Amino acid sequence: MNLTAVVWATTGSLFAIGLAVVTFRRQLLAMLLGLELMLAAVNVALVHHAGLFDDAEALAVVALVIAVAAAEAVVGLALILRVRRSGRGADASVLTELRG
Amino acid sequence: MSMPLTALWTVPLLGALVCAFLGSKARYGALAFSSAFLALAGGISYLQGSPSALAVLTETGPQWAYGVCYRLSADSLSLGLIGLTAFLNLICVAASWDLKVSAGYWACFLALASALTGVFLARDLFFFYAFWEATLIPMFFIIGLWGSSGRLHAAVKFFLFTFAGSVFMLLALLALVSAHHRVTGVWTWDLGSLDPKTLGAAAPYVFWGLVLGFAVKIPMVPLHTWLPDAHTEAPAAGSVMLAGVMLKMGVYGLLRVAIPLFPDLSVEMYPILGGLAALSTVYGALCAMAQTDLKRLIAYSSIAHLGFCLLGVLSRTSQGLSGGTLQLVNHGLTTGALFLMVGFLYERSHKRGLSDFGDLASRAPYLAFFFGFATLASIGLPGLNGFVGEFMSLSGAMSAPFPIFAFVGCLGVTLAAAYALPAFQVVFWSPAGPDSVSAKVSDLDFRERAILWILCGLMLWIGLAPKPWLAWFEPALRGLVR
Amino acid sequence: MTPPEVMLAVKVLFGAPVAAILFGFFVMRRVKPEWTHLPILASCAAVTAAAACLAAYTTAKHCLELPVWTWAVAGDWGVAFGLRIDGPSSAILAMVAFVGSLIHVYAAAYMKGDKGFARFFLVFHLFFLAMIGLLTANDYLQLYLFWELVGVSSYLLIGFWYHKESARKAALKAFMTNRIGDLGFLIAVLMMIYAYRSTRLQTVYEFMAAKPSIYTSIIALGLVWAAFAKSAQWPLYYWLPDAMEGPTPTSALMHAATMVTAGVFLLIRSWPIISAVDGLPQLIAWTGALTSLGAAIIAGTKKDIKRILAYSTVSHLGLMMLAVGLGELGTAAYHLIVHGFFKAALFLCAGNIAHAFHQSTANVDETGGLRREMPFTYGCFLAAALSLAGAPLFAGFFSKDAILDAAWHHGGGLRVIGMLIAFGSAFYIFRMLFLVFHGDRKEQSRGGRHPHEAGPEFVLPIFALSFGAVVLGHGSIREWVSNLMTYGMRGVPMVLIRLKPYFDLPGEPALPALNWTVSAFGTVLALLGAGAAYYLTMVDSGWDWRWRGGFAEAVFESDFGYKIIVGWGARAVSWTARFTGRVLDKNWWDGLLESSSDVLREAGNALASSAQGRVNDYLWWMLAGSAVLLGRVLR
């Protein structure tokens, strides 16, 4: 079993867990964590493949993804805080303002 | 001025911007800019030279992406319609002088005039379309903000109907431009250099797309149902611009775009289009007979009148084209005057139903005189302007294939009296009923009379001596004769 | 008459009325409305003088065709207006100017004190101007222009007292009926442009001489249809009796002496076209004869004095049509002129009576024995009535008998109908005379009113008209009119015209010899008619009130049922309009188009139910989409 297979397995399962959390859980904080998990999985895969193909651009993308993840956390957490303070809890199934 | 044509459409646009910031003094700005616009249009027309040898002014800017190019041109047809726009715009400003409206009202009218001017000037189809759609925005607000009780519905209906028509026009234009590129390898939107032969078998679809866009605007039966609502709810001056100029865009589009691009197809399709035009004259008259609201009645009469224009223009004979084009001006003057007077009635009484009035000939003799005059012009009394256009259009239709259309049109002329005169009698001659608001109607003041004298004077002038007017338009129409 | 004088006369002919109307409208109406008639009367005098000059000019066998201005041009298409002063126009113009001016004078007295005095005179004179233009037009389109202007001014005058519902209805009816007739004129003019490339009279005549076009029958039919509307012939006659709602001078000027004769004039003008269509002259003759007979019968049953005269006018217009249809243009024009005099006189007498009763008209129930109070009116009425009935040596005798003579020569049914008309005319006019001016019947009551003779300003114009109605039968005048009808028709193809001898060559003696057999027959029948009228009004004086009620009255009141058919026609049109405007357009078609927005809204609602706003659902959709895209990329 080579390293690539390990990385694929790890990141794949990490991504799947994150996706499952985002799609199945209704708790906003949990969904945010799931997103972060997916981003982290992508990052790990990118770092490994950067080494594999000797590609610096991939590392640049990693830096970008980290920045995006940080920004997302900041905005997302702020939004969740606002929603919680509005008194309706932080459950996605209650927040149906987008209903058609 | 090095770019007179650009100035022509930017002066009113500048006026609109200035008016928007003038607040309660906006009407003075509107008056100043409308006058300047009219003076500019008149000046350019005058400097163009004698009517028999009208030079064509052209301005061309740099090429943009995909062959889009700022290209303006003005021949006698364009200048004539721009003159009509500028004239009616000034009339509208004068007629609205005492209205308690915000600065936006005046800005909208100037913006509308600017966009309309752009339509009549543009020779690049991209700009043509852009100006065409730009006219919708100020008119949408004029109806939607300053209209009467049902204004929102009417504004949305107006917008959606004409916009839906324009979508087909846009598709047709895109097909035309891309086909031209596919065959020749050149991107261009220039009306003069586009070659419709590149379309091959798709030409009829493109032609019908264009015609659909124009026919909704005219409006031709059966695409007309937005017009009565829009006219009824619009403020009086809005109706004047709508009937006086905006409807003319449709016929102008046929004359400028559809017929020159597809001369053969427009002859082939004459049995359908001419038939619908003839139908419009009778159908509009019959519908007008059944109306109980003055504005709706005049709106339906517009449909009938534009049917005559269309019949003449589509017949593609020299007298039909000249008469149909002159009828554009005639209809602007006559229907404009009628809408203004209904507006004056509405300002005084806040009613416009036929049965809301009565006995106005005794209470407001000036109003009765002018309304009667304009009504007679509208039903095509020889000696007044309406007759010239109708007669020449019918004469053109008589010389074209299917002279039956001319006979149907004659029936429309007869029916015109059957809607206009009973309405005149109910409003001005019948005794005032118990619910009538005639007591509130005071006679016209000096400003209103002056406006109507100008309009009625022009009606008489065109009716008695249409020759110079026809000669003015003729150079632009000569090439369209079949 | 030298050319400069003729030019001056022509300028006066149009310049004077236009100036008078403009001056009256802009100055007099504001400054001194009760004096509006003064410039207009001056214009009448000038026009009469000018018309007399022109008549003298054409009598000297001159003709004038004067281009004035080019109306419209488009490519090789063009219409130019001008004047054509020839025999038919100048003869009828002389009558119109003279009779019209007298009626203007009368109207100044009759309308005095009316609130709309200025308005009345301005429109009245506008009509006069339109009539002048109609008669002198050298182009069919120009003729049409004035033809319509005549219609509009008559509309405004019939509806002059617009507070009365009957006046409003009558005005609309008159205008709409004329408009229906104008449909024929419009089609004819359009066809003319198409077939002959011109509407100029002379060009059309010359074209007819060269090669009659296959479109000629449409043109001729259109013109005849228009003439039937204007000259109140069946099937379009029904507006004229109602048009009596206008002030009496209107009835006298338009609906007796001038406007209604425009149709006859049009047919005289268009004779080269009409005669080229086989059977059309016969159609005109028969329509005229039957209309004339029917109207004469109905005139004998009416109670309203102006309506009696209105039906009488229809009847006499029918006689003129009969003459035209038989090719007797000179006779038709002569009767037109004589009729203008005696009918205007009769109408103005009726106006005197109405004025004496302070009403717009009068009814035979209210009159009776008026000759005591109104002797002058009576005298004038009697003279005009004798002329109308065709009493020997009165003008009407010569003009009517010439028509009867033509009908006699044509033979067959027209011979009988002509004689019946002679009987009917005498009957209705003498019935009216006796019922109004004679007798002392218990059925008639003045209702407490005390009529009195009108003043000299009323009586003098009537006297002049009655005088004309008596003396116009003089041979020189008959000869003059008959001759004039031929002048100016030079260049008109004589083969096509198929005229009677006196119309053949310009300048030939054209006086029709009096046919003594026909005259004797006509006179006897007129005497019988007058005698019957005497018996049924003076001897058996209650007869007129006895037969009324029941079926007979219903038949006569509905013009033998024709009015009911017309009513159905009008209702059918307005029903169609209501159906088209309210149901077809508004409910069905616009409803369908508007419902498209409902369809879209419903579709949106249906789709919206699948979007409940739960973020997780959207994520699933996103996931599915990503999977599809990924699948396509990896494939």
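Residues are numbered from 1 along each chain as its sequence is written, and chains are lettered from A in the order in which they are written. Because the model is predicted, local features need pLDDT of at least 70 and side-chain atom pairs count only at pLDDT 80 or more, while totals for chains, interfaces and linings use all residues.

Start with chain B. It holds 20 helices and 2 strands. Helices (H or I, at least four residues) and strands (E, at least two) are DSSP runs, numbered from the N terminus. The C-alpha trace of chain B spans about 75 × 55 × 45 Å along its principal axes. In chain B, 64% of the 482 residues are buried. A residue is buried if 20 or more other C-beta atoms, placed from the backbone, lie within 10 Å of its own.

Now look at chain C. It is divided into domain 1 (279-473 + 515-547) and domain 2 (561-599). These bounds come from an automatic or database domain assignment. Taken over C-alpha atoms, the centres of the two domains are 45 Å apart.

Next, the contacts. Two residues are in contact if their C-beta atoms, placed from the backbone, lie within 7 Å. Chains A and B have no contact; their closest C-alpha atoms lie 22 Å apart.

Last, the cores. A nonpolar core is a set of buried Ala, Val, Leu, Ile, Met, Phe, Trp, Tyr and Cys residues joined through C-beta atoms within 7 Å. The largest has 434 residues, and Phe109(B), Leu223(C), Ala344(C), Ala345(C) and Ala469(C) touch the most other members. Apart from that core lies another, of 5 residues, including Leu39(A) and Leu46(A). Leaving aside neighbours within four places in sequence, Phe109(B) is in contact with Ala30(B), Asn89(B), Cys92(B), Val93(B), Ala237(B) and Met241(B).

Conventions. Buried ≥ 20, exposed ≤ 12 C-beta atoms within 10 Å, placed from the backbone.
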